[in-house]
Amino acid sequence: MSIAPVIIEATAKHTATLIFMHGLGDTGHGWSSALAAIRPACMKVVCPTAPTQPVSLNAGFRMPSWFDLKTLDISGPEDEEGIKQASQNIHSMINTEIEKGVPAERIVLGGFSQGGALALYSALTYNKPLAGVVALSCWLPLHKQFPGLKTNSDEIPIFQCHGDFDPVVPYKFGQLSASYLKNFMKNVTFKTYNGLSHSSSEEEMDDMKDILAKWTNDYSNIKPRSSTASNVEQCCHIL
């Protein structure tokens with residue numbers, strides 16, 4: 001049985017939506033509080049929970065996972081069928097938002113680690129331009145099949161973030177993914193967070209708040225930078 005997503009309604013007129021995917025072993029609740037604190041007033045946040053399934057990387061242990069992870073080697077085997085099925089589910093969520101009156105160009109996909117990988121893949125293989133993609137501590141799945149798999153505009157903004165002390169998804173994987181994306185996408189930003197491990201940080205969340213405000217042209221939540229660390233702590237150390 002699927003778990004209902006965590007939904008945080010907009011605090012003003014709803015004109016934009018962020019669909020954000022958590023990392024391996026987490027749930028939609030893991031990021032919801034932190035995202036609620038940084039999203040623009042016009043933006044609804046949808047945090048789905050991945051289905052529980054065996055994960056090869058963790059000796060077949062069952063946990064919330066968007067697709068199977070066989071290895072953390074960027075050139076290793078990937079769960080192509082699982083990745084494509086998961087992306088179709090995200091596309092359905094986008095379509096639901098469009099049916100509710102939010103244009104595709106006002107919908108942002110985001111995610112952390114495995115969820116960020118899914119956000120990148122889903123955005124590139126959707127059939128309508130989106131507002132942007134926020135990809136945290138992640139990589140581009142099935143990268144060898146791009147740009148052939150790409151069905152979306154090469155103008156979609158991609159904001160990719162990675163800590164240079166990440167022991168789980170190595171920093172170089174993020175760098176390589178961003179460099180590869182720049183071969184066929186025109187608006188890719190890769191930001192390094194010095195000393196950050198496989199987690200988020202106050203600086204990263206503030207940067208995400210700024211980019212969401214820019215993409216939605218809603219600066220109602222932009223104030224002098226203050227700590228969101230208490231909300232960020234729960235987002236850490238999950239693949």
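The C-alpha atoms that end the span of residues 5-215 lie 23 Å apart, and this span is 31% helix and 21% strand, where helices (H or I, at least four residues) and strands (E, at least two) are DSSP runs numbered from the N terminus. The UniProt record, an unreviewed entry, annotates residues 5-215 as "domain: Phospholipase/carboxylesterase/thioesterase"; such annotations may be inferred rather than shown by experiment. The model is predicted, with local features needing pLDDT of at least 70 and side-chain atom pairs counting only at pLDDT 80 or more, while totals for chains, interfaces and linings use all residues. Residues are numbered from 1 along each chain as its sequence is written, and side-chain values use heavy atoms, with hydrogens and water left out.

The largest nonpolar core has 43 residues, of which Ile-94, Leu-109, Leu-120, Leu-130, Leu-181 and Met-185 touch the most other members. A nonpolar core here is a set of buried (under 20% relative accessible area, 1.4 Å probe, protein chains only) Ala, Val, Leu, Ile, Met, Phe, Trp, Tyr and Cys residues joined through side-chain atoms within 4.5 Å. Elements that each supply at least two residues of this core include strand 2 (16-21), helix 2 (80-99) and helix 3 (114-124), and helix 3 gives the largest share, seven residues. Leaving aside residues up to four places away in sequence, Leu-130 touches Ile-94, Ala-104, Glu-105, Ile-107, Leu-109, Ala-123, Asn-152, Ile-156 and Pro-157, contact meaning heavy atoms within 4.5 Å. A second, separate core of 27 residues includes Leu-35, Val-108, Phe-112 and Leu-212.

A volume is the space filled by probe spheres set on the points.

| Space | Volume | Lining | Residues nearest the centre |
|---|---|---|---|
| Largest cavity | about 170 Å³ | 18 residues | Leu-69, Thr-71, Asp-73, Glu-78 and Trp-139 |
| Largest pocket | about 430 Å³ | 20 residues | Ser-2, Thr-49, Pro-51, Trp-66 and Asn-89 |

The structure holds one cavity of 30 Å³ or more. The lining of the largest cavity divides into eleven nonpolar, two polar and five charged residues, whereas that of the largest pocket has twelve nonpolar, seven polar and one charged. Helix 2 gives the most to the lining of the largest pocket, with six residues.

Terms used
Buried means under 20% relative accessible area, exposed over 50%, partly exposed in between (1.4 Å probe, protein chains only). On a 1 Å grid over the protein atoms alone, a cavity is a set of points where a 1.4 Å probe fits but cannot get out, and a pocket is an open set with protein on both sides within 12 Å along at least five of seven lines; lining residues have an atom within 4 Å of a point. Ala, Val, Leu, Ile, Met, Phe, Trp, Tyr, Cys and Pro count as nonpolar, Asp, Glu, Lys and Arg as charged, and the others, Gly among them, as polar.
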